[in-house]
Amino acid sequence: MAQRAVAIAPRWPGAAAAALVLVLTIGTLAAVGWRAEWQRGLSPADWAAIRFTVTQALVSAGLSVLLAIPVARALARRQFRGRAALITLMGAPFLLPVVVAVIGLLAVFGRAGMVNSALVWLGLPAISIFGFHGVVLAHVFFNLPLAIRLILQGWLVIPAERFRLAASLNAPVGRLLEWPMLRAVVPGVFLVIFLICLTSFAVALTLGGGPRATTVELAIYQALRFDFDLGRAALLACVQFGLCVLAAAIVWRLSLVDTMGAGLDRTVQRWDLRWPMLDYLMIALVAAFLFTPLAMVVWRGVPGLALLPAEVWAAAGRSVIVAGASALLCTCMALALALRGGRMVAITGVLPLAASGLVVGTGAFLLVYPFINPTRLALPVTVLVNATLALPFALRAIGQTVEGIDRDFGRLGASLGLSRWGWVRIVVLPRIPRPLGFGAGLAAALSMGDLGVIALFAGEAQQTLPLAMYRLMGAYRMEAAAGAALMLLALSLAAFWICDRGGRGNADL
């Protein structure tokens, strides 16, 4: 009798999915390494790009974590109306397309934005959002909510019994409870955000501001699109992959651990609640920082909808098709890998975390260039790469549920003699609509706002909505770009909501 349901689940779909992931990660890396001009070495400009990439990632991750700690502490200590909704909304920047956020940040911090208008009214000099500080500001905007959520989770797992014991002993909570938790949680949070900032392309593309604010991925893009220097692009892609692998290995090594022990799930009763106004002030400031750019996108985008040219509407249609295809492929791959199981499949599923989208796109470009014009394959390659890069998130959502089904019903399914496909159809699929919907929604939203691979391949006839919006910004058509940003924001949130809601609607509540 089989001991695990995975033994009667179909095996070849998982093998096919793993093979596709390996081709798009290790295969494209091999193509990049083969084409790289190793004897040429790195130029001073390349070393400058590496230093800028690492420096901005360190500063962005450090600021995100430092700002997140007091806000997470305030949210853990205080209960107020709308707290749950606020914490939920803090996940929005993760789904927000980068170019949309840039439009919102420009509306607040740009040359004609709210902040500079106030500075001019006060007789003070204006500030510029472009360059190093602009890249850091954008990264903090994206990653501060993520840091808050992860650190807040660390506070919430401290058992209530620890607080009761500290209260009975009149012991300092910060030194005995909060500081040990932060030592366990913060290094992992910092390294995760560092990895995200290390692979950021669209932020540097829109806010970089010149040669002294160029990341490695932006240098790869310039080498391919403007210089058509395949050797230099391949060499830089190898460097970027090495940086990602090193950061991902450190993240894996310093994964979050629970050092608090088990509790009895009692409600935490805090007595160290002095200075409530300081906690509420921190929460209000962060909420204003996160939600004001989004409000400005809506405010400036509505008039811009009437100024959108016809090619932007066509680009929006392509984005919808690409997002739908990416979501479908990503969920199928995640389900196939989850059904197959095993350590090698788990490793294959996290390989995309060590791969930058632009590095994978560079490898794909080098593979297809000798045989066909890469522009003709812009949309199919974008679908493949976007689905692969979203795979770790979908696999994490689906894999845990499939593992639980495997543990609970595997021996029963084997004893009933279910066929491989019968197991999937009768037992697995009816029980996983929620994680399938969540994974599909996440993949669709991330693909909808992608401005990485498509920037390498697409011409005018293949551009998606993010690329069309970036070109409007480059042409200083900011009103139309604001309209495109609002459309992209609505499409991304709608894609996530439709998929996630669809999964919930078919699930038992």
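**Close-up 1. Packing of helix α2 against helix α13 in the predicted model.** Helix α2 (residues 44-77) and helix α13 (residues 276-304) cross at roughly 120°, and their axes come within 9 Å. Because angles under 35 degrees count as roughly parallel, over 145 as roughly antiparallel, 65 to 115 as roughly perpendicular and the rest as oblique, α2 and α13 are oblique to each other. The crossing of α2 past α13 is left-handed. In contact (heavy atoms within 4.5 Å), Pro 70, Val 71, Ala 74, Leu 75 and Arg 77 of α2 meet Asp 279, Met 282, Ile 283 and Val 286 of α13. By class, this contact holds seven nonpolar, no polar and two charged residues.

**Close-up 2. Packing of helix α14 against helix α19.** With axes 8 Å apart, helix α14 (residues 310-340) and helix α19 (residues 433-448) pack at an angle of about 140°, and they are therefore oblique to each other. α14 passes α19 in a right-handed crossing. Among the residues that make the contact are Ser 319, Ala 323 and Cys 330 of α14 and Gly 439, Ala 443 and Met 448 of α19. The contact of α14 with α19 comprises ten nonpolar, five polar and no charged residues.

Close-up 3. Apart from neighbours within four places in sequence, Gln 240 contacts Leu 198, Thr 199, Val 216, Glu 217, Ile 220, Ser 356 and Val 359.

Residues are numbered from 1 along each chain as its sequence is written, and side-chain values use heavy atoms, leaving out hydrogens and water. In this predicted model, local features need pLDDT of at least 70 and side-chain atom pairs count only at pLDDT 80 or more, whereas totals for chains, interfaces and linings use all residues.

How values were computed. Axes fitted to C-alpha atoms, helices over the stretch in contact; angles between N-to-C directions. Helix = DSSP H or I, 4+ residues; strand = E, 2+ residues; numbered from the N terminus. Left-handed = near helix turned anticlockwise from the far one by under 90°. Nonpolar A, V, L, I, M, F, W, Y, C, P; charged D, E, K, R; others polar.
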